Amino acid sequence: MDRFRMIFQYFQSNSESVMNGICGLLTLASIKMYTSIDFSCPCLPQYNMAYGLGIMFVPPIALFLCGLILNRQSLVMLEEWSRPQGHRKKDLAVIRYLCSSIMQRAMVAPAAWIIVTLLDGKCLICAFSSSMDPENFVDFASASPVQVQQLLAKVPCKDEELMRNNTSRKAVSRYLRCWSQALGWSILLILIVAAFLARWLRPCFNQAALLQARHWSNYIDIEQKIFEETCCEHSRLFAHKCILHFFESMRREIELHSFSLSREGEGAEEDQGLLRGITDQDQVNKLLKMWYYEKPPLDVS
Amino acid sequence: MDKFRMIFQFFQSNQESFMSGICGIMALASTQIYSAFDFNCPCLPRYNLAYGLGILLVPPFILFLLGFVLNNNVSMLAEEWRRPQGQRGKDPAVLRYMFCSMAQRAMIAPVVWVSVTLLDGKCITCAFCTLVPVETLGNASHPSLSQGDMKRVLARIPCKEIYDGQELIANEVAVRYLRCISQALGWCFVLLMTMLAFLVRSLRPCFSQAAFLKSRYWSHYIDIERKLFDETCTEHARSFAKVCIQQFFEGMSADLVAAHCHLPRKAPEDAGEATEKLLGITDWDTMNMVLKSWHRCKPPLHLHPPALPSGNGWTGEGQPPVHPPVPRSEMAAYYSWV
């Protein structure tokens, strides 16, 4: 019981940790997806570039949108942004803070996908093998222009008959992979340095406003959770009262229409109380039928 | 009871996390089913398309229906939809909300199945292998075959062991081509679905937030009310059964006393609770008679008030006739009035 209450309170007060957890899970899922999907470059001149760049950029967009969808705070932010002013002023700083925190979290999984793609190298090799300069590679320099395009397009496919032991293919492959990994590591370094600087330098700029924005964005989040919780509790009590009223009214109707010698007042046992005057198969059937055909009105005054 | 209420409240108020969890589980289940399934392309011209598209489209439909079947709230929706109006108005917005939220959850497994199928590529390779552009990908110098023969050869592309058209078009080239198309379709599908979900989720607060809050509250209310009603009925049934059985034992005991024509021996004051609980049935024969009577002739579902003595002899039916016939006909009139 206490443990549940603790978990409950933890989630209530620490939605940031929950969001971080979801962000981490999405990143892991994106890496797992990359490793489990079988990448197969078409090795055709017109299709390579589209396929390679498509695999590099389309999944990150989908992952970004997923990150926005799964983040509870995006709903909170949208509600805060679109609500009528009423008695409570709207603070744009809070909305901006929420927006930036949502975007930061949503960008992690796509960045991870792009970095993993670049470090692996297959996408770049597939996309840019046709754009290589054939002069630099012995086997391709001697072929005709049309053939060169075909051959370069087949570089990503190691198992092709023509390419199996071709040293020029390996050279092109290595060259592109080297570029791809360099790009990958550079992007990773830039992102980490940017994150480091942002975190270190942020206290130097307008810390007070930041603290306020963070406090009120947490507040809006918690307020909404508690409102939902209160509505649940209220609907439970409402339903309870409604059902009790219903049983009462059934009992009164039964008493009114039958001259049964009910002496329930005297020495009523606890069970007789729970029976609420319904003591007969027909009465129970009647009650259940009434519950379906004529639900009581939503009024417990 | 308190613990269940806490859990109930926790799930209700943290419904986002709960629903995300359920969605994740369904997505995983869908991927597992796909990987466990043994895909076997028939490699025959007319059957390939049917098989490939069948595997692509029929399981998602089944998973969608399963999503509805396994959802407990479907019966709640049906009940709310079909019930007569009575004293409580019906709100179509609430019904729409319930249906939409159920449909959204039921769509996850089919969407994941279609995505995984397309990204894997086997289905599209099987279904469309006869439509590969041989002119551009194949060997131009190969003597042309008739349409039928060409289709027969191309249909064997997915089955590497029996493929005999290597001179016409290399197997790897065709498979790579089809797989590339399949993966492109797959990623486009995933992007489309994610964008749709994003639009649905983000546009809703901008347009109908108040109506949404109302529908959500009342749909939760209907769910909670149904559960509480079931709970109250269960409690009532328990008490009913308890009193019914107690009255049965008392009736049996009183009848036995009357049959043997001696006064009920009042238990001494200090005999204790256990003796009272025996309800006057204190020997082997009596207990056997009680058990036989319980099996042969269960008491009617009609409890008489506790203070009323039932002095009639045991006729072997165990019926405690209490009410005079007039009120019974009043009850009958009551039903027909309604």
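Author: We may begin with the disulfide, defined here as a pair of cysteine sulfur atoms within 2.5 Å. By that criterion, Cys43(B) and Cys159(B) are joined by a disulfide, with 1.7 Å from S to S. The model is predicted: local features need pLDDT of at least 70, side-chain atom pairs count only at pLDDT 80 or more, and totals for chains, interfaces and linings use all residues. Residues are numbered from 1 along each chain as its sequence is written, chains are lettered from A and ligands numbered from 1 in the order in which they are written, and side-chain values use heavy atoms, with hydrogens and water left out.

Reader: How many disulfides does the structure hold over all chains?

Author: A disulfide is a covalent bond between the sulfur atoms of two cysteines. Over all chains there are four. In chain A, the sulfur atoms of Cys43(A) and Cys157(A) are 1.6 Å apart and form one of them. The angle about its S-S bond is 95°, and the link is right-handed. Cys43(A) is in the loop between helix 2 and helix 3 of chain A, and Cys157(A) is in the loop between helix 8 (145–153) and helix 9 (167–201), so the link ties together parts 114 residues apart in sequence. Helices here are DSSP runs (H or I, at least four residues), numbered from the N terminus.

Reader: What pairing do the bonded cysteines of chain A show when numbered in sequence order?

Author: The pairing in chain A is 1-3, 2-4. For chain B, counting bonded cysteines along the chain, the pattern is 1-3, 2-4.

Reader: Are Cys43(B) and Cys159(B) buried or exposed?

Author: The terms rest on relative accessible area: buried is under 20%, exposed is over 50%, and partly exposed is in between (1.4 Å probe, protein chains only). Cys43(B) and Cys159(B) are both buried. In chain A, Cys43(A) counts as buried at 1% relative accessibility, and Cys157(A) counts as buried at 8%. Cys66(A), by contrast, is partly exposed at 27%.

Reader: How is a pair of aromatic rings described?

Author: Such a pair is described by the distance of the centres and the angle of the planes. Rings of Phe, Tyr and Trp (its six-membered ring) pair if their centres lie within 6.5 Å; planes under 30 degrees apart are stacked, over 60 edge-to-face, and the rest tilted. A search of the whole structure gives 21 aromatic pairs over all chains. Among them is the edge-to-face pair of Tyr47(A) and Tyr177(B), with 5.4 Å centre to centre and 85° between the planes. This pair crosses between chains, from the loop between helix 2 and helix 3 of chain A to helix 9 of chain B. Tyr47(A) is partly exposed at 30%, whereas Tyr177(B) is buried at 11%. The ring centres of Trp113(A) and Trp187(B) are 5.7 Å apart with planes at 75°, so this pair is edge-to-face. Trp113(A) is in helix 5 (residues 92–120) of chain A and Trp187(B) is in helix 9 of chain B.

Reader: Which residues does Thr232(B) contact, leaving aside neighbours within four places in sequence?

Author: Contact means heavy atoms within 4.5 Å. With those neighbours left aside, Thr232(B) is in contact with Ile243(A), Phe247(A) and Arg276(A). Thr232(B) lies in helix 10 (residues 209–260) of chain B and is buried, at 9% relative accessible area.

Key. Helix = DSSP H or I, 4+ residues; strand = E, 2+ residues; numbered from the N terminus.
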